[in-house]
Amino acid sequence: MDMKNVGNVPPASAKPNYLQVDNDIKLLSGMKGVEVLSSRDAYEKYDWVRKIISKPEYGYFIWVKEQINTPLFSCVLIENRKITQNLKNLLVVENGIKVDLNATCSSVKSSLEGSHNAKGNIILKPGAEVNYNHNHKWSMTDSVNINYNFLLMESSRLNYYYKNLYPPSDLNIKNEITTEKKSKVDLKIIIDGRDTKANISDVLNLNGRDSSGIVKIRIVGRENSDINAQSKISAVEAVKGHLDCQGLLLSNKSEIKLVPELFSKNKNSMLTHEASIGKISQDVLEYLESRGLAEKQAIDLIVNGFLR
Amino acid sequence: MLELKNIWVNAGNQKVLNGINLKIGKGETHILLGPNASGKSTLAKTIMGFSQFKVVKGKIIFESKEIQKLKTWERAKLGLFLVFQQPPSVKDITLNELLELISKQTNSNNKKIEKIFPNISGLEKRKLNVSFSGGEQKVSELIQLMSVKPKFVIFDEIDSGLDIVMLKKISRAVRNYLTENHITSLFITHRGDIMKYLNPDTAHVLLDGKIACSGDWKNVWKTVKKYGYEKCRKCPTRIS
């Protein structure tokens, strides 16, 4: 399998803990302190798993029970035409354990007309810390639906970074994050849209006292994109939350809609938001061009910075 | 090296340059003086090909090639560079990111630049031109200039907002850099102090979008200092 075309992935030497190609699970690899199963097997094995997810077809079950020193890596690829993937993933990180997870989902070439549907449940037990880098790379003919739920128990911390620089023509993303007391979340969603119709919805429920969260959305709308992003933070306790949604529109044939929403029913909470949609100013473009950068180079430089 | 032949420029429907003639030889340093709104910065941006300014008549010739129809980056590739008076803020990139990209294209060595400006490390990591002080803007512009290694540089009021100590320091650094690298230059200013450090070959006065006078910088500056630019308007040697 050629891993060169799957985008921002760990080094080629990194062995996936979960590798699925089309609808074949090619690799399940645990390690000391980490149980890795197919979610189907985990569903059969554990009663408690059945309480969290419905019966799965595919997807990973990763249960981190002890501290590990290497990042976990899951990789889901579409290699053949007209494949439909339905995944249910479950990651559970036990008390006080810190773990990095790099997840890559991709079609390996264009015109495969694949469909990737993934539901995820990520559970951080008290004091756990998860750095989750979720990289997607698709072709124009694919369609992608992802729906993730995160539960952050007391004093846990989640950094979730979803990056999609090559989105499909049809993209739907739903994230719901619920925090218990003193937990923290940093969520960043990056989409570089071109010929993309995307609906992004994220909800951050700051339910636990002294929990906090920052949500950053960065969207680029290149030619023929229609991107709708709705972000909500709700506060029921004394919490802090900030929503930062920014769109960069590069074409008059594209649309970006940003809908930030704040909801609070606690007078000691502090929720803020900022939202903007703009273009690259001609002054800035010509300034960079006067340094010898061609227009495309100048745009790419700014877009890369914007999406960082 | 650079010649402007009867250049007429519009900004929208407004005439902003009215038949500019200017010739700058290789290795020379020229000064362009003029009151506010006389068209100095417009001339600089016209030479660089900024889209706001349309050349409706005339030719810009750089190293024997007509460039008035080239895009800004194409002119920059030929060796033209503008040091901005007030560069725009670019909040999505750092100065260092721009320098890295420039260096890849020009094989320039930033170590040399760090020797000239030893305290730039903080500036490089900051968002480009965002909340830069006047002095920091100048330093940033000069670092970029040294990375690009152009053949011809226009300095748009490099002396504005600088105190006399900083002016002296920057002028000397610039003069040495231009001399060592055989770079031709045009300095736009309305202050005379910088000329003492640069000792230019020629000074020009721009009035109402036209070169009103050209000559030895000491004579030109002496007249401007004593009588103001109004004198240039009435000067019998005025080029009309």
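A residue counts as buried if 20 or more other C-beta atoms lie within 10 Å of its own, and as exposed if 12 or fewer do. One more thing before you start: the model you're looking at is predicted.

**Exercise 1. Decide whether Asn129(B) is buried or exposed, and describe its backbone.**

Step 1: Count the neighbours. Asn129(B) has 22 C-beta neighbours inside 10 Å, so it counts as buried.

Step 2: Find its place in the chain. Asn129(B) sits in the loop between β8 (127–128) and α6 of chain B.

Step 3: Check phi. Most residues other than glycine have a negative phi. Asn129(B) isn't a glycine, yet its phi is positive, about 65°.

**Exercise 2. Work out how many residues of helix α1 (residues 40–48) of chain B are buried, and what comes after the helix.**

Step 1: Go along the helix. The buried residues of α1(B) are Lys40(B), Ser41(B), Thr42(B), Leu43(B), Ala44(B), Lys45(B), Thr46(B), Ile47(B) and Met48(B).

Step 2: Draw the conclusion. That's 9 of the 9 residues, so α1(B) is largely enclosed by the rest of the structure.

Step 3: Step off the end. Gly49(B) follows α1(B), and its phi is positive, near 85°.

**Exercise 3. Describe how helix α3 (residues 95–106) of chain B packs against helix α6 (residues 134–148) of chain B.**

Step 1: Compare the axes. The axes of α3(B) and α6(B) come within 9 Å and cross at roughly 20°. Angles under 35 degrees count as roughly parallel, so α3(B) is roughly parallel to α6(B).

Step 2: The crossing of α3(B) past α6(B) is right-handed.

Step 3: List who meets whom. From α3(B) come Leu95(B), Leu98(B), Leu99(B), Ile102(B), Ser103(B) and Thr106(B), and they meet Ser140(B), Ile143(B), Gln144(B), Ser147(B) and Val148(B) of α6(B).

Step 4: Sort them by class. The contact of α3(B) with α6(B) has 6 nonpolar and 5 polar residues, and no charged ones.

Step 5: Look at the spacing. An α-helix has 3.6 residues a turn, so residues three or four places apart point the same way.

**Exercise 4. Trace the open sheet of 9 strands in chain A: what is its strand order, and which strands are at the edges?**

Step 1: Write down the order. It goes β3-β4-β6-β8-β10-β12-β14-β16-β18, with mixed pairing.

Step 2: Find the edges. β3 (34–38) and β18 (255–264) of chain A each pair on one side only.

Step 3: Zoom in on β8 (residues 115–124) of chain A, where 7 of the 10 residues are buried. On one side, β6 (residues 84–93) of chain A runs parallel to β8(A) with 10 bridges, and Val92(A) stands opposite Ile123(A). β8(A) also pairs in the parallel sense with β10 (residues 143–152) of chain A, over 10 bridges; here Leu124(A) has Leu152(A) as its bridge partner.

Step 4: Move along the sheet. β12 (residues 170–179) and β14 (residues 197–206) of chain A run parallel, joined by 10 bridges, with Thr179(A) partnered by Leu206(A).

**Exercise 5. Find the partners of strand β7 (residues 98–107) of chain A.**

Step 1: Start with cover. In β7(A), 8 of the 10 residues are buried.

Step 2: Take one partner. β5 (residues 72–78) of chain A runs parallel to β7(A) through 7 bridges, and Ser74(A) pairs with Ala103(A).

Step 3: Take another. β9 (residues 129–137) of chain A is parallel to β7(A) too, with 9 bridges; Leu101(A) pairs with Tyr132(A).

Methods:
Residues are numbered from 1 along each chain as its sequence is written. Chains are lettered from A and ligands numbered from 1 in the order in which they are written. This is a predicted model: local features need pLDDT of at least 70, side-chain atom pairs count only at pLDDT 80 or more; totals for chains, interfaces and linings use all residues. Helices (H or I, at least four residues) and strands (E, at least two) are DSSP runs, numbered from the N terminus. Two strands pair if DSSP finds at least two bridges between them. Axes are lines fitted to C-alpha atoms, for helices over the stretch in contact, and angles run from 0 to 180 degrees between N-to-C directions. Angles under 35 degrees count as roughly parallel, over 145 as roughly antiparallel, 65 to 115 as roughly perpendicular and the rest as oblique. A crossing is left-handed if the near helix is turned anticlockwise from the far one by less than a right angle, and right-handed if clockwise. Two residues are in contact if their C-beta atoms, placed from the backbone, lie within 7 Å. Ala, Val, Leu, Ile, Met, Phe, Trp, Tyr, Cys and Pro count as nonpolar, Asp, Glu, Lys and Arg as charged, and the others, Gly among them, as polar.
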